[in-house]
Amino acid sequence: MHSVYFLLSKQDGSVYVGYSSTLKERLNEHHKGRVPATRDKRPLELIYCELYKNRIDAMRRERYFKSGWGRN
């Protein structure tokens with residue numbers, strides 16, 4: 001199962017959008033500071049997640065959320 005997820009930084013209120021095929025493991029990497037994009041924004045909270053059966057759909061959705069239209 002593939003997922004697109006949103007993490008909220010409790011430190012500065014910013015939102016990170018990501019994609020993963022192993023959500024639980026990826027969240028652990030974020031929480032341990034192993035992801036450079038979110039290392040300085042911890043602690044993080046999972047605020048939204050969408051699940052997809054295939055990788056292509058999840059990657060397209062992540063790209064949409066990171067675009068100008070998706071952010072709005």
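**Close-up views of the protein chain**

**View 1. Surroundings of Arg71.** Arg71 is in contact with Phe65 and Lys66, leaving aside its neighbours within four places in sequence; contact means heavy atoms within 4.5 Å. The structure is a predicted model, in which local features need pLDDT of at least 70 and side-chain atom pairs count only at pLDDT 80 or more, while totals for chains, interfaces and linings use all residues. Residues are numbered from 1 along each chain as its sequence is written, and side-chain values use heavy atoms, with hydrogens and water left out. Arg71 belongs to helix H3, residues 68-71. Helices (H or I, at least four residues) and strands (E, at least two) are DSSP runs numbered from the N terminus. Arg71 counts as exposed because its relative accessibility is 61%. Here buried means under 20% relative accessible area, exposed over 50%, and partly exposed in between (1.4 Å probe, protein chains only).

**View 2. Ile47 in strand S3.** Strand S3 covers residues 44-52, and Ile47 is part of it. Its relative accessibility is 43%, so Ile47 counts as partly exposed. Arg71 and Ile47 are 24 residues apart along the chain. Their C-alpha atoms are separated by 15 Å.

**View 3. The two sides of helix H1.** Helix H1 runs over residues 23-31, and its buried residues are Leu23, Leu27 and His30. These residues lie on the same side of H1, because they cover an arc of only 55° around the axis; the arc is that of the directions from the helix axis to the C-beta atoms. The face of H1 turned away from this buried side carries the exposed residues Lys24 and Glu25. The cover over the buried residues of H1 includes strand S1 (2-9), strand S2 (15-20) and S3.

**View 4. His30 and its contacts.** His30 is placed in helix H1. With a relative accessibility of 0%, His30 counts as buried. Not counting residues up to four places away in sequence, His30 touches Tyr5, Leu7, Tyr16, Val35, Thr38, Arg42 and Leu44. One of these partners, Arg42, takes part in the peptide bond shown in the next view.

View 5. After H1 comes Gly33, with a positive phi near 85°. The loop between H1 and S3 holds Pro43. The peptide bond from Arg42 to Pro43 is cis. Its omega is near 5°.

**View 6. The protein chain as a whole, for orientation.** The chain contains three helices and three strands, and its elements run β-β-α-β-α-α from the N terminus on. Its C-alpha trace spans about 30 × 30 × 20 Å along the principal axes. The radius of gyration is 12 Å, which agrees with the value near 11 Å that a compact globule of 72 residues would have. This radius is taken over C-alpha atoms, and the globule rule is 2.2 Å times the number of residues to the power 0.38. Of the 72 residues, 32% are buried. Among contacts between residues at least 6 apart in sequence, 52% join residues at least 24 apart.
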